[in-house]
Amino acid sequence: MTFILKENEMDKRSSYGLTSDEVKIRQQQQQTNKVKKTTSRSYYQIFFFNIFTFFNLINCILFYLVSLTKSYYNGLFVLVVFSNVIINLFQEIRSKRTLDKLALLKVSKAKVYRNQVLVTIPIDQIVLDDFLLLENGDQVPSDARVIEGSLEINESLLTGEVDSIYKLPESELYSGSFVTSGQAVCQVTHVGEDNYIQKITKEAKAIKKQTYMIKDSLGKIIKWISIILVPLCSLLFVKQFFFSGVAFNKAILYTVAAAVGMFPEGLYLLTSVALTISAVYLAHKRVLVQELNCIDALARVDILCLDKTGTITEGKMVVEQTISLAPSVDVATIMGSMLAALPDKNPTAMALRLAFPENQSLIPSEVTPFSSDRKYSCVTFADKGMYFLGATSFLLSENEAETLKLDKKYAHAGYRVLTLGHSNENTDHKTVKTITPIAMFLISDTVRENVIETLQFFKGQGVTCKIISGDDPATVSQIAKKVQLPGAEKYIDVSKLNETELKDAVINYQIFGRVTPQRKKEMVVALKSLGHTVAMTGDGVNDVLALKEANCSIAMASGVDAARQTSDIVLLDNQFNAIPDIMNEGRRVINNMTRAGALVLVQVIYSILLTTGTLIAGFSYPFEPIQLTIINACFVGIPSFLLNFELDFKRVKGEFLPTIFKKAFPPGLTIAIGTLLIINVGHFFGSSTKALSIMAILFTAWNYLLVQRNIYPPNTKYRLFIFLTTQTLYFIALIIGQDFLNLGNVTYINLILLVALLGYSIFFQKIFGSLLAKLYHRFKMKLALRQDTTQ
């Protein structure tokens with residue numbers, strides 16, 4: 001009979017426990033070797049990071065230059081900078097507060113012997129060689145060795161396998177596992193970073209940080225602009241002031257206008273606003289977005305890897321059917337009496353307790369708890385004999401061929417099968433020769449609510465779902481069939497595959513069993529190497545490496561700290577059915593951002609080309625900062641912001657930067673060429689600078705109108721209302737703000753030139769767009785050919 005510690009054995013247990021001096025010595029040793037914990041940034045760090053970025057520094061310098069001219073209204077562009085800072089600060093602080101609250105909910109304690117007295121302490125105060133008292137329901141706080149007693153341990157969070165493991169004296173316990181039955185005194189063998197769970201977490205942190213398409217695209221834009229901005233603007237100032245005879249103040253304003261146009265502060269603002277609004281929206285649905293840029297990756301996901309336990313299932317068991325093998329026997333009474341006597345509290349035992357309420361109808365004389373090594377439990381009742389509950393193959397002899405055949409049938413169908421047997425032999429349970437089967441219980445995992453609908457959603461969206469589990473693949477396959485997962489019948493045992501076979505399997509199979517934490521990571525890497533965008537869900541330590549490697553990782557709040565800290569998104573209520581909402585939100589944001597990004601990039605392209613053209617064949621830059629601010633506000637900023645709320649759940653395809661560049665380059669090139677013609681032809685006919693400014697502004701606005709109609713076709717009342725409103729505001733600003741915007745009247749020649757350019761600009765945009773598409777297609781073909789040759 002398994003030895004369990006009793007309350008009256010305090011004298012024996014009192015010999016355990018470190019003295020106060022011993023604890024202090026070990027605490028000093030641990031403090032010396034302590035690794036600094038990874039925590040969320042302080043409020044000072046958040047503020048410092050947002051204010052002192054290169055982006056904001058450049059804009060502050062530009063505002064200072066404008067202030068030298070005393071033309072302060074030309075510095076209105078700095079409001080966009082401050083808006084960007086405030087929004088980022090709000091989002092960072094909001095996320096930090098949420099994370100801090102979540103962390104506070106997970107403060108755990110442990111029972112430890114100190115000075116021969118049992119005390120309860122926070123787990124971070126455990127020291128090496130401490131003696132822990134572990135009981136049913138406890139989570140093992142630190143690696144330890146069983147000294148006295150025995151335990152049933154569930155290591156599913158570490159290995160993914162739900163079967164309990166029996167631990168006797170001298171057995172090793174791993175931090176992060178759970179006690180499902182028994183009681184024992186255990187000596188701590190590792191603390192801090194030496195713990196098994198910490199080693200996995202450390203490896204996860206060492207993996208290269210994920211890259212995100214929009215974030216990387218913005219980084220590339222800033223990189224190239226940073227390289228060309230200073231020399232190009234410096235040359236522009238020199239050209240205007242020293243060679244074109246432009247006044248110092250005007251040369252400064254024109255140079256600042258060129259620099260403001262090149263720097264896409266509007267794109268940063270739109271990105272910040274869109275992602276922040278998305279994060280707040282998801283927060284209302286009890287979804288914590290820890291990495292804003294993961295919304296980009298989630299919108300492009302085409303493969304979703306699901307952990308079975310805790311994601312598809314709730315990690316709980318349920319008795320689905322009772323098969324009576326002896327109709328005259330009252331199974332409910334026997335089971336209720338057995339469960340009342342047995343101390344087992346593992347998931348299987350809890351499922352049986354729900355199906356068969358405890359009763360005291362039969363009085364037990366001897367109790368043998370369940371053990372994973374013998375695969376059964378036993379209760380002897382006075383004058384009733386012994387009743388066994390456990391695995392069929394361990395209880396019955398070959399004489400019970402029909403029952404054994406039935407067991408295999410249901411096991412193959414994915415059930416966990418337990419058999420209730422009886423023996424009248426008056427002997428020890430280990431030496432019983434004949435056990436008569438009374439009933440069989442078919443037990444399965446409890447599937448989460450709305451899983452079928454959620455998986456059907458992914459199927460409709462073209463997202464392939466794969467289940468990766470540490471359990472037996474046949475069992476996982478049956479769960480997949482139950483939730484109607486496409487390809488559920490295609491399963492494989494990953495433990496039998498080599499590296500090459502694994503790469504082939506990740507494409508050809510949907511269900512993977514016996515998967516170790518390292519193999520989960522390898523599978524995600526393999527899928528990514530094949531060009532897929534991979535999302536991973538999980539809640540255990542065994543999922544951490546794969547979560548870190550995935551393009552987008554989603555953790556359950558009920559999981560371990562390592563899984564939550566590693567993941568981009570945390571489902572605070574463990575609601576699997578929230579993932580479609582998250583994916584739709586990501587698609588909405590990215591689709592809208594792609595359209596808005598194209599509008600913003602038009603300004604960047606024509607500013608760079610116009611500055612270069614002015615250096616080569618121009619007199620002076622045609623715009624002042626305030627003029628560009630009005631154009632951007634009415635044709636880019638306000639419409640893009642309001643249209644960011646539109647619903648668009650189409651799957652995101654294509655790369656962000658090439659997509660917006662192909663849409664933005666034709667109008668950007670058209671604006672640059674047309675504006676240079678306006679300036680040069682106008683100077684040839686002696687037109688005033690103010691007259692040329694209004695011509696350049698109207699021509700730029702017209703081209704924005706064309707590209708706006710291309711990117712945002714006015715096919716809804718909402719869009720039509722926004723466009724009419726912003727365009728009306730623009731023309732009102734031109735009428736009442738002539739002096740404020742430094743504009744003048746045009747001559748007859750100016751008007752003819754402007755009308756001609758407005759008409760031709762439609763054809764220019766189409767021609768430039770067609771040429772760019774052909775060049776990009778040739779580039780992709782050459783790149784693909786070069787890759788094939790290399791391989």
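Which residues are exposed on the other side of H26? Select Lys717, Phe721, Ile735 and Ile736: those are the exposed ones there. Keep in mind as you click around that this is a predicted model.

Now show all of helix H26, residues 717–736. Its 20 residues reach 28 Å from the first C-alpha to the last, close to the 28 Å expected at 1.5 Å a residue.

Next, colour the buried set in H26: Arg719, Ile722, Phe723, Thr726, Gln727, Tyr730, Ala733 and Leu734. Turn the view to look down the axis of H26, and the buried residues fall within an arc of 115 degrees, so they line one face of the helix. To see what that face meets, bring up helix H22 (579–617), helix H23 (625–643) and helix H25 (689–711); the buried residues of H26 pack against these.

Stay with the rings for a moment. Select Tyr606, Phe635, Tyr704, Tyr730 and Phe731, which ring pairs link into a cluster.

The whole structure has 17 aromatic pairs. For one of them, jump to Phe237 and Phe248: the ring centres are 5.9 Å apart and the planes sit at 90 degrees, so this pair is edge-to-face. The two come from distant parts of the chain, 11 residues apart, with Phe237 in helix H8 (residues 213–243) and Phe248 in helix H9 (residues 248–262). Phe248 is partly exposed, at 38% relative accessible area.

Last stop: Phe241 and Phe242, another edge-to-face pair, 4.9 Å centre to centre with 80 degrees between the planes. Phe241 is partly exposed at 31% relative accessible area, while Phe242 is exposed at 56%.

Notes:
Residues numbered from 1 in each chain as written. Predicted model: local features only at pLDDT ≥ 70, side-chain atom pairs only at ≥ 80, totals over all residues. Heavy atoms only, no water. Phe/Tyr/Trp six-rings, centres within 6.5 Å; stacked < 30°, edge-to-face > 60°. Helix = DSSP H or I, 4+ residues; strand = E, 2+ residues; numbered from the N terminus. Buried < 20%, exposed > 50% of the residue type's maximum accessible area, 1.4 Å probe, protein only. Expected span 1.5 Å × (residues − 1). Arc of directions from axis to C-beta. Contact = heavy atoms within 4.5 Å.
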